[in-house]
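The following exercises concern a structure that is shown below. Each task is followed by a solution in steps.

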Amino acid sequence: MCGICGIVTDGPAPDLALVTEMMAQLYHRGPDGSGYVRDHQAILGHTRLAIIDATGGVQPLCNEDGTVWVTFNGEIFNYLELAAELRDCGHQFRTASDTEVIVHAWEEWGADAFNRFNGQWALGLWDRRKRQLVLSRDRLGVRPLYYHRTAHAIAFASEVKAIFADPAVPREFDPVGLDQIFTYWSTIAPRTPFAGIEQLPPGHLATYDSDGFRSRPYWQIEFPAKGHEPGQDLDDNAAGLRERLIEATRLRFERSDVPVGAYLSGGIDSSVTAAVIRNFTNVPLNTFSLRFAEAEFDEGGYQRLMAQRLGTHHQDIVVSARDIAEVFPDVVWHAESPILRAAPAPLFLLSKLVRQSGYKVVVTGEGADEVLGGYDLYREARVRDFWARDPKSARRGRAVELLYPWMARNPSQTPAFARGFFGMGLDPSDTAMSHRPRWNSTSALRTMLTADLRAELAARPLPDRAKAMPPTSASWDPLARAQWLEMTMLLPGYILASQGDRMLMANSVEGRFPFLDPNVVEFANALPARHKLFGLDEKFLLKYAFADLVPDEILIRPKQPYRAPDAASFFAAGSPDWLDDVLSPSALLAAGVFEPSKIAGLVEKARQRSGRFGNTDNMRVLAVLSTQLIHQQFLANNPARADREAPPEPLHIVDLVRREKEDR
Amino acid sequence: MTRAAVDRILRERAFLWNATDDPELQALQTAIFIEDVFGVTLADEQFGSNLLDDPAAIRVLLARSTSLG
């Protein structure tokens with residue numbers, strides 16, 4: 001796991017000092033060393049978190065004759081198998097690193113190489129033969145990759161802050177990016193919250209050469225037509241899932257030269273991955289958990305149960321609302337996006353514990369909800385489908401009371417409100433019906449925007465996301481359509497980014513996610529919907545397949561989504577020092593996003609009763625605080641914040657321009 | 001849907017984990033299950049019946065639904 005960056009031009013020499021500054025901005029992603037390769041019109045930079053082949057894996061790294069160079073963030077978990085295949089094709093390896101597989105694979109297979117990788121990556125590859133830059137990102141967007149294009153160059157990096165190292169890059173919000181966040185919870189690639197900064201969509205590769213910039217998918221999420229799923233037998237499917245998940249977990253646990261730990265959340269997903277490690281590998285297991293001072297959010301009992309069952313060396317951190325408020329500016333600095341939940345903050349503190357305990361890598365259960373049907377949103381959609389079949393039924397509407405059983409104030413306690421909320425827009429012909437309630441409630445945030453911004457957004461409304469679905473989606477099960485929306489929007493845009501990569505890499509920790517292994521994902525996508533969500537029983541096949549490894553208490557408990565105290569963190573027991581600065585009328589006017597009078601009303605309300613806030617007001621507070629912090633930290637006329645002024649040592653330099661001069 | 005498919009799904013149902021104490025909600029949960037896996041639409045008065053305990057009744061329901069469709 002590392003930080004990558006670079007600049008490629010259509011002719012002029014890139015600015016080496018600028019790339020060095022970009023590398024310094026990525027120090028936290030790779031504190032073990034750094035390096036760059038400089039060619040006539042390209043410089044690739046790298047900061048390294050050394051995990052595989054600490055000695056030989058220094059980057060940037062090249063093929064046998066130095067014509068292909070790569071700067072790489074991530075892991076290719078099947079690198080041993082690919083290296084063997086490439087050796088059979090005549091390639092000669094100088095290192096034992098997974099990075100070297102990339103340059104040989106590109107030589108051998110070109111763009112087809114990426115479909116052979118089982119991993120999580122973002123990379124920049126400079127092919128000197130074609131004078132071509134290749135950018136590639138893993139299938140589901142585990143690793144980030146941003147870029148900024150000008151008339152004669154492209155700059156790319158793992159994080160936006162590195163691109164902002166160039167003072168010539170405009171620093172402005174992108175109104176459409178903000179609109180996406182205030183509707184969908186996250187931007188949709190290539191859009192970002194920043195004007196002129198794009199991100200490579202997951203599963204894509206892009207090239208930049210004398211013909212310009214081009215981007216295309218090399219992999220797409222697919223589902224079979226409903227009723228035509230290849231496997232219908234429960235036991236066969238359970239065996240298939242178990243085999244793939246065990247292999248995916250082993251790959252992620254064993255393919256490392258440093259110790260790997262595991263998160264235990266108290267839910268089934270991380271319990272399964274930890275249990276697989278314990279039962280199918282021969283190495284000691286260290287587990288890490290996040291607990292909350294507030295009982296409503298705490299899952300400590302289930303975490304201890306699983307840790308004791310597995311006999312792990314277990315550590316946890318107890319996070320309070322005050323802790324969340326104090327670290328929130330750092331969280332936003334790393335997330336580089338407005339966020340509508342405080343949930344990333346405790347994860348930032350958890351990865352800090354992991355790093356302080358001497359670990360650089362953790363395996364987690366991320367992705368299981370998207371891939372195997374675990375989200376409450378899927379249950380909600382099924383209830384709405386049920387109701388939509390006969391909206392006039394006297395009895396169907398009560399089914400909303402089956403939703404969100406874990407909530408303190410759940411629909412069974414406010415049935416009239418719940419029926420009103422979930423009963424809106426019941427249209428079976430709407431292929432995005434599953435997500436309308438969430439999008440509608442989130443877009444209430446727009447009422448806080450300035451009149452100018454609202455007018456600008458009204459002039460260019462967001463296209464209906466349902467229209468982005470593949471044509472074949474009409475034949476998919478409704479659950480598959482909901483999964484597609486979730487896997488292409490919230491997963492890469494928020495779960496793997498603001499809650500994932502950014503909170504882990506902030507403390508130089510790599511996350512590995514067995515449920516997002518391509519073999520697991522493609523197998524799960526081909527399952528009949530009932531084996532994921534059986535009636536209203538979520539992750540049915542996962543529970544069935546691993547019932548022998550997970551205690552019944554965890555198997556049968558209703559899913560409790562990961563949550564943290566939101567608005568109350570900033571208001572209930574006093575406010576952090578930074579809060580008044582970012583909420584001052586002058587700061588709000590400078591950012592130009594929110595109407596100061598409306599924010600004053602929201603803040604007053606929060607000071608009085610943030611502890612009783614509902615979903616919308618919690619989102620409002622978090623949206624305002626995080627957006628204002630983004631403005632303060634990235635866009636206001638402040639010098640670029642940098643934790644370090646120079647890239648990490650040792651610095652590995654490859655200067656191809658100088659070499660050519662010396663050879664002459 | 002074939003007889004074997006119906007029987008398979010009814011066997012799978014034995015492994016359902018979810019249950020609720022409220023009989024009305026349980027009836028709705030069962031109806032959601034039946035409609036989703038068998039692709040039928042029940043009338044309100046069919047909620048709460050013991051369809052799932054009676055494979056023959058499910059087959060009759062499916063046959064009726066198919067002939068109506």
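**Exercise 1.** State how confident the predictor is in chain B, and which helices of chain B have the lowest and the highest mean pLDDT.

*Solution.* The average pLDDT (the predictor's confidence in each residue, from 0 to 100) of chain B is 81, and 90% of the residues score at least 70. Next, consider the elements, where helices (H or I, at least four residues) are DSSP runs, numbered from the N terminus. Helix α3 (residues 55-68) of chain B has the lowest mean among the elements of that chain, 71, whereas helix α2 (residues 23-38) of chain B has the highest, 91.

This is a predicted model, in which local features need pLDDT of at least 70 and side-chain atom pairs count only at pLDDT 80 or more, while totals for chains, interfaces and linings use all residues. Residues are numbered from 1 along each chain as its sequence is written, and chains are lettered from A and ligands numbered from 1 in the order in which they are written.

**Exercise 2.** Describe the side of chain A that touches chain B.

*Solution.* First, count the contacts (C-beta atoms, placed from the backbone, within 7 Å): 23 residues of chain A are in contact with 19 residues of chain B. Second, α13 (376-388), α21 (540-545) and α22 (552-556) of chain A each supply at least two residues of this side. The most comes from α13(A), with three residues. Finally, the model scores ipTM 0.92 and pTM 0.96.

Technical notes
Contact = placed C-beta atoms within 7 Å.
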